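Subject: Handover of a protein model

Dear colleague,

Please find below the structure that I am handing over to you.

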Amino acid sequence: YYWLFFLVPLFYFLSLPHFYPDVDIWLAQGLAILKHGTLFPPEEHIIGPVSQMIYPSWGASLLYALIYKLFSPWGREFLDLFHKLILVGLLSIFYFKNLRQLRSPWSKGNLFFVALAIFGFSYMFVDRPAFLALVPFLLFYYELEKKLSWNWKKYLTSFLVAVLWINIHGSALIVLPMTGWLLLTSSWKEKKYYLFLAPLLILALLCNPFGYHIFSYGLETAQVSSSRFIGEWSSPFKFLFPANDIAYFSYLLIFVFLLFKKRRFDILKSTVFPLTFLGLTAERHIVLAFLLIIPTWIKEGEAEDSKTTKSSSYLNLSLVSLLLLFIFLLNPFSRFQFLENFPARKARYSLVKQYPRDSVSMIKDCKFQGPILSSLELGGWLQLETTNKVLFDARNIIFPEKSFTDFRHILLGEEGWEKVLNDYGFDLILLTLEDAKLLEMKMSSTSEWTILKKETLYTLFGRKALKERCQKISEQNF
C-alpha cells in the first residue's frame with residue numbers, strides 16, 4: 001500500500017522546476033571556494049560592505065560545486081537530481097524504520113498519518129542545504145530515541161552524525177536543545193547518559209572551520225532574518241503560506257487530542273514534544289513537526305495486533321482522498337487561478353519559466369558591466385550567470401542593515417529614491433513582479449528610467465540612455 005505514498009511526493013517533487021535562491025548562492029560560493037582555494041573567497045560580486053561570513057553550509061557548497069563541475073555541462077540538472085535523491089533517502093528511512101513493520105496501513109489511522117506527514121514536509125521540497133540537512137536530523141532523532149545504554153556505538157554514531165550535520169547546515173545546533181530536553185525530563189537514573197552525551201555533542205559541533213563562533217550563528221540568523229521579514233522566518237500565525245499553516249495548526253489540534261486520548265504521556269519526555277511546538281516560532285520549523293508524525297504516531301506493536309475494520313478503512317480512505325485532492329490542487333500542472341493569486345503572490349511552485357533569462361540575455365547583449373540592483377532571491381543566480389555586481393543575495397545576515405533600508409527605500413519609491421540609485425551607481429534594476437509594483441508606478445513619472453524588459457515573473461528597469469545604447473548595439477549586430 002505504501003508504494004503509492006512514495007510515488008506521490010516523488011512525482012510532485014520531480015515535476016517542480018529548479019528555483020530557490022539558497023542553492024544558487026551556495027553553488028556560487030562553492031565555485032568561489034574552488035577557484036580561490038579558501039573558505040573565505042573575496043566577495044567579487046558584491047557592491048557594498050559585508051561582514052565576515054560564518055556559514056556551516058560550506059560543506060554543502062563544496063558538494064554542490066563538485067557535482068556542478070563533475071557533470072558539466074549538465075551540472076545544474078544533476079544538482080536538481082541530487083536533491084530528488086535526498087527525498088528518496090528520507091522516504092527510505094521512514095520505510096525501514098517504521099512502515100515496513102506495519103501489517104495493515106488501514107488500521108488506526110496509519111494511512112492518514114503517512115499522508116499528512118508527507119504533505120506537511122513537502123514545504124521543504126526545494127533545492128537547498130536545509131533539505132539536505134533533514135537526513136542527519138532524522139538519523140540523529142532515531143539514534144537519540146533508542147534505548148539508553150553505555151553502548152559506545154550509539155555515542156560514536158551520534159557524534160559522527162553531529163559532525164557531518166554541522167558542516168552542511170546550521171540546523172545542527174538543534175542537537176543541544178534536543179539532548180537538553182531529554183536531560184531535563186529523564187529520571188535520575190537516566191540523566192547520567194545524557195550528561196555524558198551533551199559534552200560529546202558540544203565537541204562534535206566544534207569540529208568545524210569556524211570553531212566556537214558557530215554557536216552565535218544560529219541566534220543571529222534567526223534574529224536578523226526575522227527582523228528583515230524573510231518569509232520562512234516569520235511566524236505561521238501570519239499565514240504567509242496558507243496551505244502549510246492550516247495543515248500545521250490542524251495537526252497541533254490532532255496532536256493534543258491524541259496525546260490525551262491515547263494517554264501517550266511518554267511523548268512529553270521525548271524530543272517530539274518541543275520540536276512539534278517549535279513550529280510556532282517560524283515557518284521553516286513546521287517541517288520538523290510533520291517529519292516526526294510517522295515515528296511518533298505509527299506504533300509497530302499496535303499495528304501488528306490490530307484488525308482492519310470497515311469503519312477505519314472508510315475513515316482513512318476519506319481522509320487520504322481529501323489530502324490527495326489538496327496535493328492535486330497545489331500541483332504545478334493544474335493550478336487554479338484563485339490559488340495563484342492568494343495571498344496576492346505567485347505560487348511558490350509553478351511550471352512557468354522561473355528565471356529572468358531573457359533579461360539576462362539582454363544585459364549580456366548590451367555588454368553592460370555595471371552593478372545591478374536585484375531582488376534578494378536573484379542575487380545568487382546573477383552571480384552565477386553574469387560578472388555584474390549586486391547589492392545582496394540570500395546570505396542576508398552578512399549584509400549591513402543599510403543595504404536593506406536603501407533597498408526598501410527604492411522599492412517604495414520614497415522621496416530621494418533616485419539619489420540612492422545614483423549613489424550606488426545602479427543603471428539596471430531587476431525585480432520580481434511583487435517587488436516591482438510600486439516602483440513601476442514611480443518610473444512612469446520620471447524621464448530618466450524606463451522598463452527594458454517585462455517577463456512572466458520579473459521586470460527589468462533601466463535608464464533611458466542605456467536603452468538607447470542597447471538599441472544601437474542591436475542595430476550594429478543586425
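Helices (H or I, at least four residues) and strands (E, at least two) are DSSP runs, numbered from the N terminus. Axes are lines fitted to C-alpha atoms, for helices over the stretch in contact, and angles run from 0 to 180 degrees between N-to-C directions.

Which residues make the contact? Helix 21 contributes Phe-407, Ile-410 and Leu-411, and helix 23 contributes Asp-435, Leu-438 and Leu-439; contact means heavy atoms within 4.5 Å. By class, this contact of helix 21 with helix 23 has five nonpolar, no polar and one charged residues. Here Ala, Val, Leu, Ile, Met, Phe, Trp, Tyr, Cys and Pro count as nonpolar, Asp, Glu, Lys and Arg as charged, and the others, Gly among them, as polar.

**How the model was read**

Residues are numbered from 1 along each chain as its sequence is written, and side-chain values use heavy atoms, with hydrogens and water left out. As the model is predicted, local features need pLDDT of at least 70 and side-chain atom pairs count only at pLDDT 80 or more, while totals for chains, interfaces and linings use all residues.

**The chain as a whole**

The protein chain contains 24 helices and four strands. Of its 478 residues, 55% count as buried; buried means under 20% relative accessible area, exposed over 50%, and partly exposed in between (1.4 Å probe, protein chains only). Among the contacts in the protein chain with a separation of 6 or more, 73% are between residues 24 or more positions apart.

The four strands form an open sheet in the order 1-2-4-3, and the pairing is mixed. Two strands pair if DSSP finds at least two bridges between them. Strand 1 (372–374) and strand 3 (449–454) are the edge strands, each pairing on one side only. From one strand to the next, the twist averages 20°.

Strand 1 pairs with strand 2 (residues 428–432) in the parallel sense over three bridges. Ile-372 stands opposite Leu-428 in strand 2, and Ser-374 stands opposite Leu-430 in strand 2. Helix 23 packs on this sheet, touching strand 2, strand 3 and strand 4 (458–463), and its direction makes about 130° with that of strand 2.

Strand 2 and strand 4 run antiparallel and are joined by five bridges. Leu-428 stands opposite Gly-462 in strand 4. Strand 3 and strand 4 also run antiparallel, with five bridges joining them, and a hairpin connects strand 3 to strand 4 through three residues. Thr-450 stands opposite Gly-462 in strand 4.

Why is strand 2 largely enclosed by the rest of the structure? Five of the five residues of strand 2 are buried, so it is largely enclosed. In a regular strand the side chains alternate between the two faces of the sheet. Leu-428, Leu-430 and Thr-432 point one way from strand 2, while Ile-429 and Leu-431 point the other way, and all are buried.

**Other helices**

Helix 2 (residues 21–36) has 16 residues, which at 1.5 Å a residue should span 22 Å; its end C-alpha atoms are 23 Å apart, which agrees. The expected span of a helix is 1.5 Å times one less than its number of residues. Helix 2 is mostly covered, with 13 of its 16 residues buried. Gly-37, whose phi is positive, near 70°, follows helix 2.

Asp-24 lies in helix 2. With a relative accessibility of 0%, Asp-24 counts as buried. The C-alpha atoms of Asp-24 and Leu-382, 358 residues apart along the chain, are separated by 8.7 Å.

Helix 5 (residues 110–121) has 12 residues and reaches 17 Å from its first C-alpha to its last, close to the 16 Å expected.

Asp-245 is found in helix 12 (residues 242–261). Is Asp-245 buried or exposed? Asp-245 is buried, with a relative accessible area of 0%. Not counting residues up to four places away in sequence, Asp-245 touches Pro-236, Phe-239, Leu-240, Glu-283 and Ile-286.

Yours sincerely
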